[in-house]
Amino acid sequence: MTIQPTALSAQDRLREAGIRVTGPRVAILDFLMKDKSHPTCDRIFEAVKANSEKMSLASVYNVTEKLYEAGLVRRLLSPDGEYHYDGVYGFHGHFFCNKCNSIYDIKCDRNINYEELDGAVVQTVALSTYGICPQCN
């Protein structure tokens, strides 16, 4: 499945969200916009530390939290109990493999009937599915 990437750069997305542009924020957001594996903070740190001398694991945790709070990335709690981060812009769901712990983006329909919630204001929709991925099946 291909989910269309945003045309905006990491710097532009930070500015658009009203967040100060810093080297660590750009490096982490740029990485998450390109990497589709839904990495943990440990994996993000390993990927970006080579290009950023002053990057620490604590910085990665702080930056990912800031990006999540600003709505620039999604934070997924996987069955393995760890937070994974998703920088894909746009509406989509996730499939969690119960065997290998991989996480995949899946297309889903934004048009959900909320008649049981008459009068409610739906602010966020998250679709998570669980099973065995094609590679493990």
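Biologist: Why is Asn-101 called partly exposed?
Modeller: Its relative accessible area is 38%. Buried means under 20%, exposed over 50%, and partly exposed in between, with a 1.4 Å probe and protein chains only. Asn-101 is therefore partly exposed. The model is predicted: local features need pLDDT of at least 70, side-chain atom pairs count only at pLDDT 80 or more, and totals for chains, interfaces and linings use all residues. Residues are numbered from 1 along each chain as its sequence is written, and side-chain values use heavy atoms, with hydrogens and water left out.

Biologist: Where is Asn-101 found, and what makes its phi worth a remark?
Modeller: Asn-101 sits in the loop between β3 (93-97) and β4 (103-106). Helices (H or I, at least four residues) and strands (E, at least two) are DSSP runs, numbered from the N terminus. Most residues other than glycine have a negative phi. Asn-101 is not a glycine, yet its phi is positive, about 70 degrees.

Biologist: His-38 has a positive phi too. Is His-38 buried or exposed, and how do you know?
Modeller: His-38 has a relative accessible area of 2%, so it counts as buried. His-38 lies in the loop between α2 and α3, and its phi is about 60 degrees although it is not a glycine.

Biologist: What makes Asp-12 partly exposed?
Modeller: Its relative accessibility is 35%, so Asp-12 falls in that class. Asp-12 belongs to helix α1 (residues 10-16). The C-alpha atoms of Asp-12 and Val-26 are 9.5 Å apart, with the two residues 14 apart along the chain.

Biologist: Which residues of helix α3 are buried, and how do you know where on the helix they lie?
Modeller: In α3 (residues 41-48) the buried residues are Cys-41, Ile-44, Phe-45 and Val-48. Seen down the axis of α3, they fall within an arc of 100 degrees, so they line one face of the helix. The arc is taken over the directions from the helix axis to the C-beta atoms. An α-helix has 3.6 residues a turn, so residues three or four places apart point the same way.

Biologist: What do the buried residues of α3 pack against?
Modeller: They pack against α2 (23-34), α4 (57-69) and β2 (83-86), where contact means heavy atoms within 4.5 Å.
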